[in-house]
Amino acid sequence: MSSPSLGAALRVSHLRKAYKDVVAVDDLELEVRPGECFGLLGPNGAGKTTTMEICEGLTPADSGEVELLGMHWNSHAAELRQRLGIQLQETQLSEKQTVAETVRLFRSFFRRGPAPSEVIALVQLEEKRHARVGALSGGQRQRLALACALVGDPDLLFLDEPTTGLDPQARRQLWELIERFKSAGRTILLTTHYMEEAERLCERVAIVDRGKTIAMGTPRELIASIGVEHLVEFSTGASERPFDRAPLERLDGVREVREDNGGMRMQVTELHRAVPALLDELRRQGVPLTELRTHSASLEDVFVALTGRHLRDE
Amino acid sequence: MDHPLVQLTLVRFREFLRESEALFWVFVFPILLAAGLGIAFRNRPPEVLPVAAVTPQLAQALGRDKLLDVRQLPAPAAEEALRTGKISLLAEPGPGGTVAYRYDNTNPEGRTARMLADAAIQRAAGRADPVGSSDRLVREPGSRYIDFLIPGLLGMNLMGSAIWGMGFAIVDARRKKLIKRLIATPMPRQYYLLSFLLSRLTFLAVEVFAVAGFGHFVFGVPLRGSLAGLAALCVLGSLSFSALGLLIASRAKTIEAASGLMNAAMMPMWVVSGVFFSSERFPAALQPVIQALPLTAAISALRANMLQGVSLAQVAPQMGVLAAWLVVCFALALKLFRWR
């Protein structure tokens, strides 16, 4: 029995969970500090939801330790449920109940918490308080699910893919809501496969792939760790004349040039040198340029650097 | 008002009221069924029985009974008519001045025709009845088919609405992961199941009134037992069926699976439990099993209360059967329930 990591809101060590022949979670590690918003970033099938459900007490782990707020599920289940707020990945709430009735139902389960009307106002659903759940849009339903997660005034909030399936505007609205909760000092664990979401909302992020944590730290630390600041993506119209990338790779400040999705992708440390060099080289080889994009390195690029795949590979 | 059990029960309430189909099946359908059957099996004046004779003398003798509709037919035609069921009996002369009757003695009409025909022929030949007799006809409510039927339909309705209502609601909630969402909260699990039982009770009054009230006010079906006793029996019956419904829905993940289980549980009871005809018609060897079924117990107790006016103490065995099903099914359901 290891001593509790002082002050950790959530600690997961050596977590394992297998289903039949698929190992969903394989020796996963996590540590979430009180008051921070922590992200679990990874592609579909990485084991994020399974990990969440184990932390939420819905699924038993095969082995490993999960400690929440200094307590364990097998000894303090009732107490933990009072103090956690949960938003599942796919919940369809009862369609025929109204928003107010749903929130009131969930509020009745908790010893303490805000009044239903307060929570409904918090998620900006006051106008819809008497609307039936079945009549709500996707974004409104997610806000309702969030309200149900907040209704017990939780110390630890679990949000599983809160904006998946939402249009960009609804997504932004939800981000604003979550940012407001952060300032109230709550601890949040969020899973997502959208890197913008992780970068925007989370102080620290764990990147998971195939059931393992492959990197953990602040977004800035993680991006710096791959030693690349910019990405240049380009396509050439060279079906007859393939582009020889060897000369590019030898340039100063160019980390790597590789093929990616039908085009090429160049990892560089200095954009102002690399782009002119690229154009020169293309002209020298007589290869036309059909597309050019650049962006600063993001968590997606960290993932690519670590695994060779994209977050949203289908 | 904010107790979780109250809130959960309110949710069940609203789910039911906001589902218009359910309202039809629970309230309107049994009334239509009772009306249809009541009309089909209404008491009619005694029917005249068609019979045939092959000789004019026999025909004339038979014709003296008003309850016999006599035809004289030649032998081949008469046999054909008997074979196809157009007549219930054929009278023909036998050897040595006797009369022979051809009829089906497993058919009540055949037996009645035989008795009436023989009496008519004997009297025509000069039999005298030494004891004079007169008829005082009795049309006592309580012994008609409709009286037998209404408690049967009431029981069937209590069972159907409990099991179907519960089954679909639970399986649907499970499929939508609503149950999984709920157990992530501090909600005590038995409250979830209890809320189903409690909400059933709230609708009970209306359901019972619809069926029994219809029977009583429209067809004059008697309500001889105490109304409080009737209410108690309906409550107990409904709770037991609800617990059975919970058990049936405890593990099914799809509506199809749940439907299959519900039908498998209910259909045998529709046949053997005495809804439409007495359960005692089944062989003695099956009776212990039949009497142990919840629907049989419920209907038997309801009939005793409504038609014979017995007290609750006198239907204690049936109440015991229902209580046993309630307790055992609820305990098993709680144990086996698939929450995720």
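Colleague: What makes helix 5 of chain A roughly parallel to helix 6 of chain A?

Modeller: In this predicted model, helix 5 (residues 138–150) and helix 6 (residues 168–183) of chain A pack at an angle of about 20 degrees, with their axes 9 Å apart. Angles under 35 degrees count as roughly parallel, over 145 as roughly antiparallel, 65 to 115 as roughly perpendicular and the rest as oblique; therefore helix 5 of chain A is roughly parallel to helix 6 of chain A. Axes are lines fitted to C-alpha atoms, for helices over the stretch in contact, and angles run from 0 to 180 degrees between N-to-C directions.

Colleague: Which residues of helix 5 and helix 6 of chain A make the contact?

Modeller: Helix 5 of chain A contributes A:Gly138, A:Gly139, A:Gln142, A:Arg143 and A:Leu146, and helix 6 of chain A contributes A:Ala170, A:Gln173, A:Leu174 and A:Leu177. Two residues are in contact if their C-beta atoms, placed from the backbone, lie within 7 Å.

Colleague: How many residues of chain A are in contact with chain B?

Modeller: On chain A, 21 residues are in contact with 18 residues of chain B. Helix 3 of chain A gives the largest share of that side, four residues.

Colleague: Where do the domains of chain B lie in its numbering?

Modeller: Domain 1 covers 4–41 + 144–336 and domain 2 covers 49–124 of chain B, with bounds from an automatic or database domain assignment. Their C-alpha centres lie 50 Å apart.

Modeller: Residues are numbered from 1 along each chain as its sequence is written, and chains are lettered from A and ligands numbered from 1 in the order in which they are written. Local features need pLDDT of at least 70, side-chain atom pairs count only at pLDDT 80 or more, and totals for chains, interfaces and linings use all residues.

Methods:
Helices (H or I, at least four residues) and strands (E, at least two) are DSSP runs, numbered from the N terminus.
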